[in-house]
Amino acid sequence: MKVITARKARDVNAALRRGDLDLPSHYRALHKHFEKTEPFIQAFLPEEDRFQRLNQQAYLMQTRSANLESLPPLFGIPVGVKDIFHVQGMPTQAGSQLPPRAVRGPEAEAVSRLKQAGALVMGKTVTTEFAYFAPGPTRNPHSPLHTPGGSSSGSAAAVGADLVPLALGTQTIGSVIRPASFCGTVGFKPSYGRISKAGVIPLSPSLDHVGLFACDVETARLAAVVLIEDWDASHSAKRPVLAEPGGAYLAKADSEMRRHFRAAVQTLREAGYWVKEMDPMPDFEEIVERHNLILAAEAAQVHQAWYAQYKPRYHQRTAQLIQQGQTISDRDLEAAKSAARDFSLRISTLMDIHGIDLWIAPSAPGAAPKGLDSTGDPVMNLPWTQAGLPALGLPFALNHEELPLGLQLIADWGRDEDLFAWGADIAQALAEAA
């Protein structure tokens with residue numbers, strides 16, 4: 001039997017359907033790679049007898065699947081699950097010192113959907129405390145001296161290190177697209193609400209998005225089809241019109257990122273894409289301030305009971321966020337949320353007026369910063385998260401230290417299907433020019 005690596009869910013599925021891949025043998029190969037790599041990356045929470053469990057599940061799945069033509073779409077695919085998602089049979093710690101019994105809950109709908117599609121949970125992945133900024137032990141798979149990003153640190157690093165081809169994460173500011181950029185993976189944040197948040201510990205319900213990391217665009221799309229209930233298989237066949245957002249927003253990227261970004265935009269122009277330039281966010285600092293207000297106020301509401309009981313167990317950074325949120329009035333919160341809705345409508349209206357299909361922008365200010373005390377700056381992702389628009393992050397270049405750089409494509413709300421179709425073509429155009 002042929003055994004292939006963890007990468008590319010579509011390759012695994014194709015091999016299984018041909019009968020070329022024996023699932024238990026595949027997991028034995030994954031076990032060897034995991035034992036060699038995971039101690040240096042620390043992407044996963046410890047689990048005793050992890051591969052005894054996985055090998056048993058793989059064997060049972062193999063024996064129950066006589067008809068290769070009717071295998072579910074993610075049959076046998078190992079996935080990492082950020083440790084703010086509840087998973088049946090696995091405790092949830094949320095990167096915190098709170099007792100798991102305090103934060104337990106029913107299995108997340110996103111996890112159940114992946115399981116029903118044939119995926120096997122490799123384990124829980126490291127998250128910053130309650131998906132905010134207090135980092136865990138995870139290291140960047142491209143350099144252990146650099147952050148993997150956050151808050152979905154372990155999920156991004158697990159895919160970047162080829163431990164799994166697919167992992168779940170969340171984004172409240174930039175916790176999918178930014179770590180995807182830092183770890184050299186594809187990242188996907190859907191339109192707000194299109195992937196269920198049921199069974200996921202919230203940080204800021206108005207801003208939280210369930211997203212994912214994948215080894216390539218097609219694997220991300222396969223998972224999105226499973227996770228988005230109302231997925232429409234049809235999509236626009238036209239070549240999209242792109243827009244580059246400038247002004248104070250683009251100025252947040254460092255000079256090296258801007259240089260590589262400009263080169264990528266030029267490559268797309270030469271490939272026949274029309275790329276417009278405009279400043280859709282002249283009030284960028286107000287957008288950032290509003291986002292931070294909503295986040296703090298809603299985090300204080302979410303953690304009100306837990307914080308009252310377990311205050312000494314909270315990391316200082318998370319405690320400061322909650323304390324800040326406690327000072328914000330309900331009136332100010334509602335005004336900020338109303339302004340955020342207006343901003344989302346403004347961006348969509350601009351896209352309609354100017355015939356824009358996709359915004360194209362850097363995924364982060366630059367490559368992963370050195371050190372593990374910070375997870376990097378999510379400022380390049382913040383406005384798109386606040387607007388609730390779907391974003392697809394693509395690795396596209398390396399910096400002078402050979403660290404990955406990513407760019408993000410942002411579509412209008414509800415156009416996730418078009419985003420994947422357009423994103424696959426753009427990723428191919430950039431790869432062919434590399």
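In this predicted model, the axes of helix α1 (residues 9-18) and helix α8 (residues 217-227) come within 8 Å of each other and cross at roughly 75 degrees. Because angles of 65 to 115 degrees count as roughly perpendicular, α1 and α8 are described as roughly perpendicular to each other. On the side of α1 the contact is made by A9, R10 and N13, and on the side of α8 by E218, T219 and L222; the residues of this contact comprise two nonpolar, two polar and two charged.

The strands of the model include an open sheet of ten, arranged in the order β2-β1-β3-β5-β4-β9-β10-β8-β6-β7, in which the pairing is mixed. Its edges are formed by β2 (120-125) and β7 (275-278), each of which pairs on one side only. When direction is ignored, neighbouring strands of the sheet are turned against each other by 25 degrees on average. Within the sheet, strands β3 (residues 166-171) and β5 (residues 209-214) run antiparallel and are joined by six bridges, with L166 standing opposite A214 in β5.

Helix α8, already described in its contact with α1, also packs on the sheet, where α8 touches β3, β4 (186-189), β5 and β9 (391-398), and its direction makes about 145 degrees with that of β5. Another helix, α14 (residues 330-354), lies across β7, β8 (358-362) and β10 (404-411), and runs at about 115 degrees to β8.

The largest pocket holds about 480 Å³ of space and is lined by 23 residues, among which P395, F396, A427, L430 and A431 lie nearest its centre. Two or more lining residues are given by each of α8, α10 (255-270), β9 and α16 (416-433), and the lining as a whole divides into 14 nonpolar, four polar and five charged residues.

Terms used: Residues are numbered from 1 along each chain as its sequence is written. This is a predicted model: local features need pLDDT of at least 70, side-chain atom pairs count only at pLDDT 80 or more; totals for chains, interfaces and linings use all residues. Side-chain values use heavy atoms; hydrogens and water are left out. Axes are lines fitted to C-alpha atoms, for helices over the stretch in contact, and angles run from 0 to 180 degrees between N-to-C directions. Helices (H or I, at least four residues) and strands (E, at least two) are DSSP runs, numbered from the N terminus. Angles under 35 degrees count as roughly parallel, over 145 as roughly antiparallel, 65 to 115 as roughly perpendicular and the rest as oblique. Contact means heavy atoms within 4.5 Å. Ala, Val, Leu, Ile, Met, Phe, Trp, Tyr, Cys and Pro count as nonpolar, Asp, Glu, Lys and Arg as charged, and the others, Gly among them, as polar. Two strands pair if DSSP finds at least two bridges between them. On a 1 Å grid over the protein atoms alone, a cavity is a set of points where a 1.4 Å probe fits but cannot get out, and a pocket is an open set with protein on both sides within 12 Å along at least five of seven lines; lining residues have an atom within 4 Å of a point. Grid points are joined across faces, edges and corners, and a volume is the space filled by probe spheres set on the points.
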